[in-house]
Amino acid sequence: MKIEISNIANLPSRFGKYKIKAFKERFKEHLAIYKEPFGDVTNVRIHSECLTGDAIGSLKCDCRDQLEASLKFIEEHSGMVIYLRQEGRNIGLLNKINAYALQDKGLDTIEANHQLGFKADERTYEIVDFILKHFGITKINLLTNNPLKLMGLKCVEVVARVPIVIEPNEFNEGYLRVKKEQMGHILDEK
């Protein structure tokens, strides 16, 4: 895996003051947004890009709420948010919007992906292993509701799962129900 790595820069944000580093994998550029010291066990959030949620504030998902909660957690407890360029569970923005259109016609998020010829979740996590190795991180507390992320990492020991509990809204209740009932996400643990 040939990865180009940026320098480290400061990133003051409305959530805190972080360091940031980019990792270019072929045509995808991922970010490590972090606050030190890491300690023996590092708090880590693996967040896949969601332009509609993260940047535009879409209420169809819980992505932006999870990202913001993770950044606040990292500001308070130190650690890292790994921001992966895997839009729409790695089907890309164009296909994600096509999936949204199918959802507008009554399909759920998984049915829409299948209708477009994709699995429910096309994401991979090899680059996460690379980034964690780059920082010398071997043990993590993983901020996630997704059990696939717990199994997708090969180079680290997941010491604990830290849940990210987000209150549903009228637009994402069905989406969250599908994530829980069909994808095994753990959404109601405090």
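**Stop one: helix H2**

Select helix H2 and color its buried residues: Cys-63, Gln-66, Leu-67, Glu-68, Ser-70, Leu-71 and Ile-74. Here, buried means under 20% relative accessible area, exposed means over 50%, and partly exposed is in between, using a 1.4 Å probe and protein chains only. Helices (H or I, at least four residues) and strands (E, at least two) are DSSP runs, numbered from the N terminus.

Before going on, know that this is a predicted model: local features need pLDDT of at least 70, side-chain atom pairs count only at pLDDT 80 or more, and totals for chains, interfaces and linings use all residues. Residues are numbered from 1 along each chain as its sequence is written, and side-chain values use heavy atoms, with hydrogens and water left out.

Now check the length of H2, residues 63–77. Step just past the helix to Ser-78, which has a positive phi of about 70 degrees.

**Stop two: a pair inside H2**

Go back into the helix and show the side chains of Arg-64 and Glu-68. They form a salt bridge, with the closest N and O atoms 2.9 Å apart. A salt bridge is a side-chain nitrogen of Lys or Arg within 4 Å of a carboxyl oxygen of Asp or Glu. Why are these two about one helical turn apart? Because Arg-64 and Glu-68 are four residues apart in H2. Arg-64 is partly exposed at 27% relative accessible area, while Glu-68 is buried at 18%.

**Stop three: links across the chain**

How many salt bridges does the structure hold? There are eight. For another one, select Glu-49 and Arg-85, whose side chains meet at 3.0 Å, N to O. This pair links distant parts of the chain, 36 residues apart: Glu-49 is in the loop between strand S5 (42–48) and helix H1 (51–55), and Arg-85 is in the loop between strand S6 (79–84) and helix H3 (87–90). Glu-49 is buried at 14%, and Arg-85 is partly exposed at 35%.

Last, pick Asp-104 and Lys-60, a salt bridge with its closest N and O atoms 2.9 Å apart. Asp-104 lies in helix H4 (residues 93–104) and Lys-60 in the loop between H1 and H2, so this pair ties together parts 44 residues apart in sequence. Asp-104 is exposed at 59%; Lys-60 is partly exposed at 27%.
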